[in-house]
Amino acid sequence: MHSLLLRSELLARAGFTHGFSTRWASVTGVEGSFPSDADHLRGFFGALGRDPASAMRVKQVHGAAVLTDPLADWQGEGDAIAFREPHAQVTPVIRTADCVPILLGNPFGGQVAAVHAGWRGVERNIVSEAVRALHVAPEWLVAAIGPCLCTACFEVGEEVVTALMPVTGDGIVDRAFGPKPHVNLRLAVRLQLRKMGLPNAAIEDVAGCTRCEPERFFSYRRDGANAGRQMAVIVPRT
Ligand SMILES: [Zn+2]
């Protein structure tokens, strides 16, 4: 039995409805056809127990904007959604196919954020912007970092290393794979969260590499622009 979604133990223990979808959430019915977003949404939200019509799907632009208003920002432009209070009819959705999905929750107050971070998102420190937008002490938060490219799969040009170095330091760069540098994006996000004040033990890796594991995940690098997208969701708690 293939699981349609992956959960974080920390967020589950804190009582949050949440998940990172796998490619099995898409039920295309046609062999070799490209999975549609609507199809994936139906499967994933069915497994989550949420109404697909409640999905707040924003336009992700590799920027640093955090969207906080379910009405004004319903189809807004931004790479993080942060909710300080519950909105019964709205489910924040982040879509990824190699970039890093991050889910944040405050176990004590119920506030949540869903974040999309590629290397440009790391450069702009979108995950820290999302933490700030929650207006809670960062040391209260728990975070889950979802399936994304592993270090072996994320070969980059020197310009990416140059851009990230001032933000994260060189601990995320690995030059052992070959002539070109590789970057550990998952670790970069963890370092940014720790710098904001989250305890290391409050940050969980929900394992998986989108490119290494075609049986579980869609990957832009492996499958090209027509690849499907995974979704990451977390619902604010009352
Ligand atoms: Zn990989």
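This is a predicted model: local features need pLDDT of at least 70, side-chain atom pairs count only at pLDDT 80 or more; totals for chains, interfaces and linings use all residues.
**The six-stranded sheet**

Begin by selecting the open sheet of 6 strands, whose order is β4-β5-β8-β7-β9-β12 and whose pairing is mixed. At its edges are β4 (66–67) and β12 (203–205), each of which pairs on one side only.

Select next residues 142–145, which form strand β9. Strand β9 and β12 are paired in the parallel sense, with 3 bridges. Within this pair, display alanine 144; its bridge partner in β12 is glutamate 204.

Then select helix α4, residues 126–133. Helix α4 lies across β4, β5 (80–83), β7 (100–105) and β8 (112–117), and runs at about 165 degrees to β8.

**The five-stranded sheet**

Now move to the open sheet of 5 strands, arranged in the order β1-β2-β13-β6-β3, again with mixed pairing. Here the edge strands, each pairing on one side only, are β1 (5–6) and β3 (55–57).

Select β3 together with strand β6 (residues 91–96): the two run parallel and are joined by 3 bridges. Display arginine 57 and look in β6 for its bridge partner, valine 93.

Finish with helix α2, residues 37–48. Helix α2 lies across β1, β2 (18–21), β3, β6 and β13 (230–234). Its course is at about 40 degrees to β13.

Definitions and conventions:
Residues are numbered from 1 along each chain as its sequence is written. Side-chain values use heavy atoms; hydrogens and water are left out. Two strands pair if DSSP finds at least two bridges between them. Helices (H or I, at least four residues) and strands (E, at least two) are DSSP runs, numbered from the N terminus. Contact means heavy atoms within 4.5 Å. Axes are lines fitted to C-alpha atoms, for helices over the stretch in contact, and angles run from 0 to 180 degrees between N-to-C directions.
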